[in-house]
Amino acid sequence: MSLAVYLSLLLALSCQQQVSSGFHVLRNEPGWSLNTTLAMMSQNNEDQCDLVMNINASDRCAFVRNTSDCSMEDGFINYIRLAFCLLPPNLTPLIITLCIIWLLFLFVILGLAASKFFCPNLSAISTSLHLTHNVAGVTFLALGNGAPDIFSAMAAFSNPHTAGLAVGALFGAGIFVTTVVAGSVALVKPFAVASRPFLRDVTFYMAAVFWTFLMLYRGTTTLKETIGYLCLYVVYVLTVIISAYIYNRQKHSMNSSDRIVSRIPAEFHSSDSSDDDVPCVLDGSVQQEYESEYRPLLPYSESTVQILLSALNPVDNRKWRRKSWRWRVLKVLKTPLEFLLLLCIPVVDPDKEDKNWRRPLNCIHLITSPLVCVLAFQSGIYGQIMIKGQFPLWLLILLLGLFLSAIVFCTTTNDSPPKYHSLFALLGFVVSAVLISAAASEVVSLLHMLGVVLSLSNTVLGLTLLAWGNSIGDCFSDITLARQGYPRMAISACFGGIIFNMLFGVGLGCLVQIYKTNSSVQFEVEGLLTWILAGSLGLSLVLSFVIVPLCRFHLGRPYGLFLLFFYVTFLIIALLTEFGQIHSV
């Protein structure tokens, strides 16, 4: 992933230098100044901040400060002002490099918060509600797996100028997952895909893509259409449940053996769930065997301090000895971040005997979790609220947390969780969702700045950097599933998860925008590239819908190579279109 990111940025820099050289010629002409650029702005009120690269380097900071379009409302940091005003103009490449490193760090935050905290707590909530695997897979666990994509899309839709990021990311991730990930699974482990679930998922995804294409073509969407757009996923969920019920009835009517019956949940789970719920179920049984193996023979009771230190340690010493050096290096880099997340977000694990109850740490969570929500929600705007102009809101939340923590600490024990322990899963879900949303807002703001500096459209940034960053985890997890002998689960995850991401990413983003503006959502389509993106995704789905049945639903290595070739061809065409080598007549 990192190599692809840097190659794309290198290509963008080279093309941006060519564009800048052309503007340099214009700037040498008499009368070219900051006032000239401001006059150009008055003629085009949209994307005014993009003109910053057209003026002298010495005037860019003043331009950014005096242009309202350059003031990003979302996010903690104004990256555009950071890029042009923090250091002298000759050090701008250094700032860009540091921002790219920060971007990779934000992707790590998104991945950790979703996989280690958001998804497990959603799994615990679904277990507490006694949901079946099919319902949980297409609702709660799909939300957990697609949280980075959905929150990134909602953050991008908050500003009309960055809506192209959401379109590019959702369509780009769709192409990446259905070609690169699916092709890699077919290369690693050729197999026969389940026919009915595959056709069902591809059909619903094609319907979602076509509906999104219509909204982009019209350039607007209303509240009724957005609700209907979201209801399409409700129809998909009902189809999954009904098909699972019919399949279950057919299996039982055949009076099959217990061995065959025991496979039914796995087949449903593999065809109807998202990419991470199957490993979660498998890991639960493995975790129980793992802990029972290392359980002490004699009773042993840890002190409160020992429980706290053990709970805050993100490194498992036994796992550390078994892993490779690459895993250890990555773990060392992620350990400080995991420590901070463990300190702020509770996790409930129904697969453990104690439900992951850690009395001292959970009491600390009652203090830190509400405080993090107040300081991180909507870029910390609520952290600045003063009650009657004198008492800060965050201090009130801190005092209430201390009071509640003291009560829980005095009324519980270290050995057994309280009856209300499942509420900590809800608290962990809320806090992790707030942190993911905050990180997604920073990613969108940062990518918008890179688009301005590198003269790249939001769409191409969405279909490359944002799509790759949000999908790389799915790629590795699905390939690992295929290597472990579960290719059907992996290929089902490729299509099941992105349906949820597409419908809820666009649908919820439009709902939020309609709520804020009390009017219809307007889409700013960024030229030919958007139609190439939508057309390529639709073409890849149609080809899969036709080729896979012709191959009798057997996905072999030739099909995997074809999918990889399709993605490379699409990426080349998209980049050539972005840099003006391909254009409409």
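The model is predicted: local features need pLDDT of at least 70, side-chain atom pairs count only at pLDDT 80 or more, and totals for chains, interfaces and linings use all residues. Residues are numbered from 1 along each chain as its sequence is written, and side-chain values use heavy atoms, with hydrogens and water left out.

**Exercise 1. Positive patch**

Identify the residues of the positive surface patch and the helix that gives the most to it.

Solution. Patches are made of residues with over 30% relative accessible area and no salt bridge, like charges being joined within 9 Å and nonpolar side chains (Val, Leu, Ile, Met, Phe, Trp, Tyr) within 5 Å. The positive patch consists of K116, K319, R321, R322 and K323. Helix α16 (residues 317-322) contributes the most, with three residues. R322 belongs to this helix, α16.

**Exercise 2. Nonpolar patch**

State which residues form the nonpolar surface patch, and locate L91.

Solution. The patch is formed by L86, L87, L91, L94, L98 and I101, which together have about 520 Å² of accessible area. L91 is placed in the loop between α4 (79-85) and α5 (92-128). Its relative accessibility is 33%, so L91 counts as partly exposed.

**Exercise 3. Salt bridges**

Determine how many salt bridges the structure holds, and examine R218 with E225, K331 with E338, and D354 with R358.

Solution. A salt bridge is a side-chain nitrogen of Lys or Arg within 4 Å of a carboxyl oxygen of Asp or Glu. The structure holds five salt bridges.

- R218 and E225 are joined at 2.4 Å, N to O. R218 is partly exposed, at 44% relative accessibility, whereas E225 is buried, at 16%.
- K331 and E338 have their closest N and O atoms 3.0 Å apart. K331 and E338 are both buried.
- D354 and R358 meet at 2.7 Å, N to O. D354 is partly exposed at 24% relative accessibility, and R358 is partly exposed at 21%.

**Exercise 4. Aromatic pairs**

Give the number of aromatic pairs, then describe the pair of F118 and F429 and the pair of Y233 and F504.

Solution. Rings of Phe, Tyr and Trp (its six-membered ring) pair if their centres lie within 6.5 Å; planes under 30 degrees apart count as stacked, over 60 as edge-to-face and the rest as tilted. The structure holds 16 aromatic pairs. F118 and F429 have ring centres 5.3 Å apart and planes at 35 degrees, so this pair is tilted. It links distant parts of the chain, with F118 in helix α5 and F429 in helix α20 (residues 423-454), 311 residues apart. F118 is buried, at 1% relative accessibility, whereas F429 is partly exposed, at 22%.

Y233 and F504 form an edge-to-face pair, at 5.4 Å centre to centre and 85 degrees between the planes. This pair also links distant parts of the chain: Y233 lies in helix α11 (residues 223-253) and F504 in helix α22 (residues 487-517), 271 residues apart. Y233 is buried, with a relative accessible area of 4%, and F504 is partly exposed, with 22%.

**Exercise 5. Ring cluster**

Name the residues that ring pairs link into a cluster.

Solution. The cluster comprises F204, Y233, Y236, F500 and F504.

Definitions and conventions:
Accessible areas come from the Shrake-Rupley method with a 1.4 Å probe; for residues, only the protein chains shown count as cover. Lys and Arg count as positive and Asp and Glu as negative; His and the chain ends are not counted. The place of a charge is taken as NZ of Lys, CZ of Arg, CG of Asp or CD of Glu. Helices (H or I, at least four residues) and strands (E, at least two) are DSSP runs, numbered from the N terminus. Buried means under 20% relative accessible area, exposed over 50%, partly exposed in between (1.4 Å probe, protein chains only).
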